[in-house]
Amino acid sequence: MNEKLFEGWAHLSQNEERKHEKFLTKIISEFMLRSLAFDVSQLSPGFPHQLGLDSSARASSYIERFEEKLQTEVKFYKRAEDLEQFVSSLPEKPWASQDTFFAVATTSNEHLNKYITKTDEVNNICKYRNTLNEKEFVKQRYFEVDSIFRHFRNALAHGCIRIVTDAGSQKLFFFDTNPADKLSAIGLLTFQQLGDWIALNNGVAMNVIDQLLDDNI
């Protein structure tokens, strides 16, 4: 990872933790302790089961709904080097960006891969068409959904987050790295967008999220 990328980095101060305690507790509960990343948390069945994403079409639909609800495009890259190229287009201090963003290097997962190969969709491809490219397309859609949950969970678990206040709006900056210390995800989302993400995943009544957001003003 570019050594200069996060110069001036600071973890949450005690004041920030206290001020945003209720909302951060909700975020940590939803996205770390009960992460929907596949086979990560014993408190969660994982996104295919909880969200009913049992086909590549539904996985693609989830990404579309995510982008529509949060009004932010998720940028997926196949290599960490490509992701770092995207970062070069951001401000010198990415958390100071005026625009929200979410970019990840899509990663495969052995356990998820085994699950995918047993789905009816892949079995039908193998049985009737046996097209390698089509199977890879299906797997990629699952890996994309898994990656946004997995990397955001890792950022929270490893403390790679920073709260930013901009014109009265609170944002959460986050990033994740892979075992080779290459950047694997980076994002900046408002508290409102994170609340919308929770609502998307759980069908939570927005008045519940609004109350959490009000507590942070």
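Strand 2 is covered on both faces: Phe101, Ala103 and Ala105 on one side, and Phe102 and Val104 on the other, are all buried (buried means under 20% relative accessible area with a 1.4 Å probe, protein chains only). With 5 of the 5 residues of strand 2 (residues 101-105) buried, this strand is largely enclosed by the rest of the structure. Keep in mind that this is a predicted model, where local features need pLDDT of at least 70, side-chain atom pairs count only at pLDDT 80 or more, and totals for chains, interfaces and linings use all residues. Residues are numbered from 1 along each chain as its sequence is written, and side-chain values use heavy atoms, leaving out hydrogens and water.

**Neighbours of strand 2**
- Strands (E, at least two residues) and helices (H or I, at least four) are DSSP runs, numbered from the N terminus.
- Strand 1 (residues 74-77) runs parallel to strand 2, joined by 4 bridges; two strands pair if DSSP finds at least two bridges between them.
- Tyr77 has Ala105 as its bridge partner in strand 2.
- On the antiparallel side of things, strand 2 pairs with strand 5 (residues 183-190) over 4 bridges, and Ala103 has Ile186 as its partner there.

**Nonpolar cores**
- The largest nonpolar core has 42 residues, and Phe47, Tyr62, Phe149 and Trp197 have the most contacts inside it (a core is a set of buried Ala, Val, Leu, Ile, Met, Phe, Trp, Tyr and Cys residues joined through side-chain atoms within 4.5 Å).
- Helix 8 (residues 132-157) gives this core its largest share, 9 residues.
- A second, separate core of 15 residues includes Phe86, Ala103, Phe175 and Leu183.

Conventions
Buried means under 20% relative accessible area, exposed over 50%, partly exposed in between (1.4 Å probe, protein chains only).
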